[in-house]
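Thanks for coming, everyone. Let me put the model on the screen, and we will walk through it together.

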Number of protein chains: 4
Amino acid sequence: MTDLRIGAIGCGYWGPNLIRNFIEIPGAQVIAISDLQQESLDRMMQRFPQIETSTRNYTDLFEMNLDAVVIATPPATHYEIARNCMEHGLHVLVEKPITLNSRDAADLIKVAEANNCVLMVGHTFEYNSAVRAVKQMIRDGELGDIYYIDAIRASLGLFQTKANVVWDLAPHDISILRYLLDADPISVSTHGSSCVQEGIEDVAYTTLTFPNNVLAHIRSSWLDPSKQRRITVVGSKKMVIYDDVEPLEKIKIYDKGVKAIRRTDTFGEFSFAYHYGDVVIPYIRFDEPLRVQCQHFLECIREGKQPQTDGHNGMRVVQVVEAAQRSMKSAGDTVLVNSNGHGDPADVRQSRELAHA
Amino acid sequence: MTDLRIGAIGCGYWGPNLIRNFIEIPGAQVIAISDLQQESLDRMMQRFPQIETSTRNYTDLFEMNLDAVVIATPPATHYEIARNCMEHGLHVLVEKPITLNSRDAADLIKVAEANNCVLMVGHTFEYNSAVRAVKQMIRDGELGDIYYIDAIRASLGLFQTKANVVWDLAPHDISILRYLLDADPISVSTHGSSCVQEGIEDVAYTTLTFPNNVLAHIRSSWLDPSKQRRITVVGSKKMVIYDDVEPLEKIKIYDKGVKAIRRTDTFGEFSFAYHYGDVVIPYIRFDEPLRVQCQHFLECIREGKQPQTDGHNGMRVVQVVEAAQRSMKSAGDTVLVNSNGHGDPADVRQSRELAHA
Amino acid sequence: MTDLRIGAIGCGYWGPNLIRNFIEIPGAQVIAISDLQQESLDRMMQRFPQIETSTRNYTDLFEMNLDAVVIATPPATHYEIARNCMEHGLHVLVEKPITLNSRDAADLIKVAEANNCVLMVGHTFEYNSAVRAVKQMIRDGELGDIYYIDAIRASLGLFQTKANVVWDLAPHDISILRYLLDADPISVSTHGSSCVQEGIEDVAYTTLTFPNNVLAHIRSSWLDPSKQRRITVVGSKKMVIYDDVEPLEKIKIYDKGVKAIRRTDTFGEFSFAYHYGDVVIPYIRFDEPLRVQCQHFLECIREGKQPQTDGHNGMRVVQVVEAAQRSMKSAGDTVLVNSNGHGDPADVRQSRELAHA
Amino acid sequence: MTDLRIGAIGCGYWGPNLIRNFIEIPGAQVIAISDLQQESLDRMMQRFPQIETSTRNYTDLFEMNLDAVVIATPPATHYEIARNCMEHGLHVLVEKPITLNSRDAADLIKVAEANNCVLMVGHTFEYNSAVRAVKQMIRDGELGDIYYIDAIRASLGLFQTKANVVWDLAPHDISILRYLLDADPISVSTHGSSCVQEGIEDVAYTTLTFPNNVLAHIRSSWLDPSKQRRITVVGSKKMVIYDDVEPLEKIKIYDKGVKAIRRTDTFGEFSFAYHYGDVVIPYIRFDEPLRVQCQHFLECIREGKQPQTDGHNGMRVVQVVEAAQRSMKSAGDTVLVNSNGHGDPADVRQSRELAHA
């Protein structure tokens, strides 16, 4: 089995992590890298002398007999670059969000099919051992009926000047929610505020309604003194907190529950049965999620499989963000999530303009 | 100076704390107590033999030459009892919420004026040393411009069967927000879910808009595995976390900030100046907030002063809860906070019915 | 069944807690209290009007037809007061340490027997639900062989001017260690330092050797910026941390272990089998330990039973402290624990002098 | 300025960190690596293709025109390898402990002088920003007089089969204590226990006496369910906790203090003035300590400077460990720290035997 030949486009904040992983995984070689900044390329070439060549023009990669590319460029450029690469027969792993509008995402899905390419989106949390453990508990019925899920992703910093906090942080939580609940949200309401930079929301609160009356809420903030990354899943039998900031005890399972028991003798009044039980912190063998994701990408290429976080998955997440975006612009009005794959034409125009700014 | 003669109405969950405080404060005596349950009365009389008498009928207290009453009965009964007591010339300290609709609250304010009574509401957090310290920092400009405030109040349990989680928990946070920002919210949007008991929301997310574009958000939950009571105030200069669950380090001040600096040479683009600084946990002499509140009540009676948490204060909080309530019933629609003192007639009818249920 | 008539001697720091408990427990009445300070008596009489009478001379209590006394006076006075009370036929619950030397403790045991009195020492932690849960795990073999136990008791403050930190804090941990291991330590080595006050050690490190090569270590400090009260029990199968400062999660059981497996093929070298497993925080119904202790005292009186923390138990703890004391005075030399019940004559003289200082 | 040519001997647990740092620091090149295990060499060569060559025989490095070597082999081999390298004119950075007996350390110091070589020991914590910040506070008198220092280094695992926990973990804390107090301990008493493996202590408690009656204590454990690395410095004015396990808030300064004030009117009794103040968590720019250490090594070579952690420093630490070792073998007897540079002949023989085992 010969090594898969990988090219990496984008060597800024996240790209180096992808490059490191593909260098370390057996069965792949990073042949070439591309970035607009010569300085970023130099830094990578010095750190990883294994890489054969670098270029500021990503289309040079089409001449290098590559199997696949990984794209970690600014989101506004994802669509054009991913499309171009697939049209040149390259499998694509693109960072989240797949595109800045769902129409483009739908188009990428078609291009992938037409060119027989693997199209995968870097929704890393679906490859995270802790998230997968929570999913398993839900699937096994261990938590009972899911009542609601609360998600927080906050810290200070890493402001972006082109995207707001919803585009930047919420895709992680939307991806996790969809994965855990195995469903798309029906509607979304988002309230945001642009505290530091006019017109770029840096704080946002998003309420989502999922089927079966499951409520979910996402707090996204670039303006919080303490770093928080936490998912609380409340079920009728048990409750789980997944705290990604904890170095070791990432998951805590609370054997607490509340049950309403209808007592017929009291004219429809309820009485409540609480139970307080043990808390369990399960031992989780923690593999680097990005490693698992990269290995999955290689496996899909070799075996012709559809990735877990494929183009449809990426598009669904974008549709939810689009709805949140529209809600936020109308002061929190409830917006139905568009699930027919066609974003608002205005969004499409705007996101394409961004790509050429 | 003779001792003020106090009567206590309601000896259930919170009443005993009030009774203990008035017994321990010099200058007051708890003369009589009242409750519908004989068992609660017996327990109190045994624990506090200082109390002269007890009765299941609170109107008996009118014959005892009292100066004031403290009311800790179910919220639906506040209006009728407080009104009756003031009409008999008694000063009143009533637990939060003052009433279940703002029209009744407005009425109580009038009755207090007409009878020359002190009317005070038990919004304890305005008497909390930690909350007061945060207020002082805001007033002194130490935090800079306030960007937004995030409030969480969650735990497992203490379900109520007549009020939802917004009526039960949010008044604390609304009271704190109004106090810290020295302003009323303009509008409210609340999303809630009734997980355990049909029709009684046990989880709710409330977004509030305050003047000067200050955003605030309250998470209220009876269904959370970990007890949380936290206020995060984010300003342009500093950020503060007040964590009421922390036994000692209740306030943490983060000397972190983000500033947008317009640079004219870059076509309106912003660049950001961060600063990371020390964290300070100020030493706060912690007096029991309820003690401070009870002392303030006695002081207002003696000196004829208006309490900090007077009837208007209590009414404003109720108006915000009413708006949150209406928003929640219409799936999160933004609702303007009614600040003319007149609740919805339907609310009034409903709350009065509750009182006689 | 008539109520037991209790007298309380000593109303300073700890006495009020004992008084409150005996007032609240059905089946007992606090008839009289005694203290040298009139102010302390007044405060108690105001707080608990149930108490019939107070006196500055504890021997007045002998005329009041009492059944028992609880003694919470300075340790140096325990011997004389307890002896006197028992000689007047009163059952005695005395605070820890029972006496300041083991010879006096032995004498009190004889007096108790001669007068047919219950003699109990207030080693509260033996009545603590969390400590009892750990004991149960050890007894059930859940932890495997016990390797060692580490105990920390530190905080800032509550300096005493007559006793050092070993006499003040270590008895708690010695009592817990004896209870958990069901054994007396064989030898003790203590290193201490008098930082603030000459001649009064405020920091001490005590190493104890128990049978079966079980090592134990106690860190005692009045000079630590953070309050710590923690017992770590390390066994061959599991490890347990009991953290008394944690409000809810007092016990954490770690399913981690290390085993040496002798492999004959490698010339006596060992290889190690680790296992990392779940962490469990068991739900513990937490009753106030002092309440349980007080109830046990009443029960022993009624049923003529020997208390769990009887005079012998109290004397054994004092013997360990005496050994620690001697070791500390000789710069940490290892000292065998005297278990014949006879303290050093010099200690006896000194402790009796303290009583009359 | 040409790059310094570095060779690395030992590519096991710690070596790769040294190699990575010297590769990333400008001004140095890792030319060659050596290890007994071919597998370790292969792994390194694949990860760092910049390295020119590898060999299982470290003496091959003498033919490569190197400037310096970094030695991260088992401690028992440090003496022979370091000596050999310096005799071939190479500057040496050797991992801690410098040798397994102080006589060998003294010899290395002489060899370094004779061959004009830089001899540096990898006591990384002296290059740690947090430790340096604490040192600065002590030096500036901010903490007042130092009363005592408590150090804990515990976790589960990483058992060694040839060295005990004192040799493995305590050198870090001894190095920190010497650095903070700018002094050598006068005497040492160590109690240890061999729980898992006969003859190899895995738990140890070490008490050290420093000049000016400063007490220090080190708890070292391979058998603790929770990872702890904490230094508490208690001074007369302030107290500091340096917690290396905390990701962000590594240093907490407590403005708490206790002072004894002699009051002449009370016959030599003391009264205490406490002050409780703010807690400050200073912002510390955190550079990787190993990076700082490696840069310091290069700087010493270029400028002919004596390293902060030079041979004498390394030898002093070994002398303290030797004393602890002797104390532990005699059940905790107090042992004076030998500061004349000559270890016990038996130790020398044993450590040299280990090197050829």
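Start with helix α3 of chain C, residues 78–87. Helix α3 of chain C lies across β1, β4, β5 (91–94) and β6 of chain C. The helix runs at about 160° to β5(C). On terms: helices (H or I, at least four residues) and strands (E, at least two) are DSSP runs, numbered from the N terminus. Axes are lines fitted to C-alpha atoms, for helices over the stretch in contact, and angles run from 0 to 180 degrees between N-to-C directions. Contact means that the C-beta atoms of two residues, placed from the backbone, lie within 7 Å.

Before going on, the ground rules. This is a predicted model: local features need pLDDT of at least 70, side-chain atom pairs count only at pLDDT 80 or more, and totals for chains, interfaces and linings use all residues. Residues are numbered from 1 along each chain as its sequence is written, and chains are lettered from A and ligands numbered from 1 in the order in which they are written.

Now the sheet under discussion. In what order do the 6 strands of the open sheet in chain C come? The order is β3-β2-β1-β4-β5-β6, and the pairing is parallel. Two strands pair if DSSP finds at least two bridges between them. At the edges stand β3 (53–55) and β6 (119–121) of chain C. Each has a single partner strand, so one side of each is left without a neighbour in the sheet. From one strand to the next, the twist averages 25°.

Zoom in on one pair. Strand β1 (residues 4–9) and strand β4 (residues 68–71) of chain C run parallel, joined by 4 bridges. Here Ala8(C) sits opposite Val70(C) in β4(C). Remember that in a regular strand the side chains alternate between the two faces of the sheet.

Next, some antiparallel pairing in chain C. Strand β7 (residues 146–156) and strand β11 (residues 223–235) of chain C run antiparallel, with 9 bridges. Find Ala154(C): opposite is Gln228(C) in β11(C). β11(C) also pairs antiparallel with strand β12 (residues 239–243) of chain C, through 5 bridges. There, Arg230(C) has Asp243(C) as its bridge partner. How many residues lie between β11(C) and β12(C) in their hairpin? The hairpin has 3 residues between the two strands.

On to the loops. Which bond in chain B is cis? The peptide bond joining Lys96(B) and Pro97(B) is cis, with omega about -10°. Pro97(B) lies in the loop between β5 (91–94) and α4 (102–115) of chain B. In chain C, a cis peptide bond joins Lys96(C) and Pro97(C), with omega about -5°. Pro97(C) is placed in the loop between β5 and α4 (102–115) of chain C.

Then the backbone at Ala331(A). Its phi is near 60°, a positive value in a residue other than glycine. Look for Ala331(A) in the loop between α8 (311–329) and β17 (335–336) of chain A. The cut-offs: buried is 20 or more other C-beta atoms within 10 Å of the residue's own, exposed is 12 or fewer, and partly exposed is in between, with C-beta atoms placed from the backbone.

Last stop, Asp184(A). Asp184(A) belongs to the loop between α6 (165–181) and β8 (187–193) of chain A. With 17 C-beta neighbours inside 10 Å, Asp184(A) is partly exposed. The C-alpha atoms of Asp184(A) and Pro211(A) are separated by 7.9 Å, with the two residues 27 apart along the chain.
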